[in-house]
Amino acid sequence: MKRLLLLFALCGLCAAHAQQSYTLSSPDGRLQAHVRTGGSLTYDIVRDGRTLLEPSPIALTLSDGRELGPSARVLKASRTSVDTTVPSPLYRSAEVRDRYNSLTLRMKGGWSVEFRAYDDGIAYRFATTARQPFEITGEQVVFRFPGDFPATVPYVAVGSDGDFESQFRNSFENTYTTAPLSALNRQRLAFLPLAVDAGDGVKICITETDLRDYPGLYLINRTGGSSLEGVFAPYPKRVVQGGYNNLQMVVEEREPFIARVDGPRTFPWRVAIIGDDTAIASSDLSWLLAEPSHIDDTSWIRPGKVAWDWWNAWNIAGVGFRAGINTETYKYYIDFAADNGIEYVILDEGWAVNLQADLMQVVPGIDLPGIVEYGRQKGVGIILWAGYWAFDRDLERVCKHYSEMGVKGFKVDFMDRDDQPMTDFNHRAAATAAKYGLVLDLHGSHKPAGLNRTWPNVLNFEGVHGLEQMKWSAPHVDQMRYDVTIPFIRQAAGPMDYTQGAMLNATRENYRPCDSEPMSQGTRCHQLALYVVLDSPLNMLCDSPTNYLKEPECTKFIAGIPTVWDRTLILDGRMGEYIVTARRSGDTWYVGGITDWTPRDITVDLAKLGIDGTVDATIFRDGVNADRKASDYVRENVRIDTTAPLEIHLAPGGGFTIELEAQR
C-alpha cells in the first residue's frame, strides 16, 4: 500500500513538472496570453477578461518524426519588457514606438518559442539552435475562437476546391468574403491577412511577418466549426519554365516537407492584431516584428511617384508619332514627369523581347540607353518591368548591367507563389538590388510580411486587388467596398501597389470594364483620397498623360503629395464602410477619406492633429452631381477652425482630401 501511494505521488510530481502555465500581459494590462505546456503546447488570448481565442495548439513536425510542441519540457522561462522608439524611414511614420512584454520558453531539444504582448496584439514564433540541417514536414497553426464570429477573408482566386496544389499558384489578389466562421468554404484556402469580428467593437486581424526563407501561411476552416487551421505549400521538388509568357517557374512535383532548415534560425511571427477598427488600421506590428534593416545607409533610396504606361495602354493624343512601346513615347512620358515633378517613369511589359525570359534582349523600337540618359538629363529615373524568371535566372548580371546603365530599379512580376524558394527569392532579389543601388516593386507577389523593414529598397508590393482589375472586372465586382476594407486588413501587412489615379471615373451604374481606356469605380475625389489613405512609398499615376493634362488641378495634387510620412493617424473608420486618414510631412497635413457606395456625411475631428486655431486649407470634395457624374468635384481654398468639427459630404463611392499647413 505504501509503495502504491508513493507511486501515485511520483506520478503526480511528474505531471506537475510536465504541465506548466505562464501568463503574459500587454504593457497596458488589457491583453493576456496564457501559455501552457504538457501534453500539448497551447496559448489563448484574453482581452479585458473576455476570451478572444481559446487554447490553441502550436507545433512543428520534423522529418525524423519529432514534434516540437507536444510534451515540451521547459528548461528555462525568461521575460523581457521593452519600451523604445525605433527610427522608421521610408514608412508611414518617421519613428515607431516599440513597447511590449515578452516570454521566451527554452525547451529541451534545442528549440524555443517566444511570445510577445503589445497593447494592440499578441504574436509568437518558434526558433531552433540546431546546427545540423533538417526538414520541417508540417507546422500546426490553429486559431480556436470561442464563438461563430463573422470573418472577412480573401480566398485564393484560382484553383479547384479541395485541390490545394492548384490553389498554391495564385497572385494573392481577390476581393473579400464575409461570413460566419462555420460558413467559410472548407475546401478553399484563404491567404493573409484576414480579419475576425469578435463583437463588442473588437476585431482580430491575423497575419504573419518576418517571412524569410519559409513558406507563407494560409488558413482554412476544415471542420465547419469556429476554428481556422494553417496550410503551407510543400517545398518544390521539380519546377519547369512556363506560365505567363514563359516568365514563371511552374511547380510540377513537391517534396514531402514544407521547409529545409540549414542551421540556427527563428521562424516567422504568427500575429493577432487586436482592437477596434481604427486600432487595427493603425497597427505597426508587421513592421516592428520584422528583422531590422540590412541597409545601414538608406539615403540613396528614393521614394516617389511613377508615370506609368501599362494601365492606360500607352494612349496619348496630340502628338506627331505613333504611341506605343517605342523611344518617342517614353521620352514623352519623361517630359510629362519632369514638367510635373514626378520622380520616375516605368517601362512596363513589352520593352524586352517577348517569350525569351531574357532581360538582355531589348525590342528594336527601344533605345534604352538613350531613354535612360534622357531621363537623367530631365531628373527622372527609369524603372524597368521584369518577369520573375527573367529576373531571377541572371539576377547578378541583370542588376549590375542596368545599374551601370543608370536604371534606378525594377518592377518584378508574376512570382505567384509563396513556398520557401519563392520567399527566399524576395530576399535574394532585395539584397542583390541593394548591392547595385536599385529599388524594387514586387508586383505579382504576396503580402510584404516585414520585407519592407528588412530591405527598405523594396518600396512597394502588390498582393492587392488593385485598380488594374478595373480593366477587366465585371460591373458586379464591388471595388468600393474593397477599398474601404483593405486599410483594415491588407494594409496591416505593409504597403501596397494599388496603382490609383484614374481620371475617367464612373458611378456604380455607369462603370464597365475597358482594357484600352479603363475607368475607376467611384468618384474623382475617391481616387485623390487613395493617395492619402493607402500606404505606398512608390506610387503610380496610372492614367495617361493626356488625361492628366486635361485635369491640371488634380494632377498638381497627385504629383505633389508625399509618399512617405513623418506621422500617420487613423481619425475614424469602420471596416467595409469608410475610413478617414491623416498624414503629416514636415509641417503639412493631408487628410483623406473614402466611402463605399453609401453616401455619407463625415465629421472630421481635426483637433487630433494638434493644430491650434484657424489655418488655410485646400479641399477637394465630391461635386453636387458626383452621384450622377463621378468626375464632378469641387476644389476650394478655405479657412478652417481646427478646433471645431468639419462636416463633409461624400457621394456614393466618394472621397475627399484636405491639405493644410501647421502654423509654427
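Predicted model: local features only at pLDDT ≥ 70, side-chain atom pairs only at ≥ 80, totals over all residues.
Q: Which residue stands opposite Ile45 in strand 4?
A: Start with the pairing: strand 3 (residues 42-47) and strand 4 (residues 50-62) run antiparallel, joined by 5 bridges. The two make a hairpin with 2 residues between them, and Asp48 in that turn has a positive phi of about 50°. Across this pair, the residue facing Ile45 is Leu53.

Q: What is the bridge partner of Ile58 in strand 10?
A: Strand 4 also pairs with strand 10 (residues 134-144), again in the antiparallel sense, over 6 bridges. Look in strand 10 for the partner of Ile58, and you land on Val141.

Q: Which residue in the turn between strand 4 and strand 5 has a positive phi?
A: Strand 5 (residues 67-68) is antiparallel to strand 4, with 2 bridges between them, and Leu60 stands opposite Leu68 there. The hairpin leaves 4 residues between the strands, and the one with a positive phi, about 95°, is Gly65.

Q: Why do the buried residues of helix 8 sit on the same side?
A: The residues in question are Leu395, Val398, Cys399 and Tyr402, each buried in helix 8 (residues 395-405). They end up on the same side of helix 8 because the arc they cover around the axis is only 95°.

Terms used: Residues numbered from 1 in each chain as written. Heavy atoms only, no water. Pairing = 2+ DSSP bridges. Buried < 20%, exposed > 50% of the residue type's maximum accessible area, 1.4 Å probe, protein only. Arc of directions from axis to C-beta.
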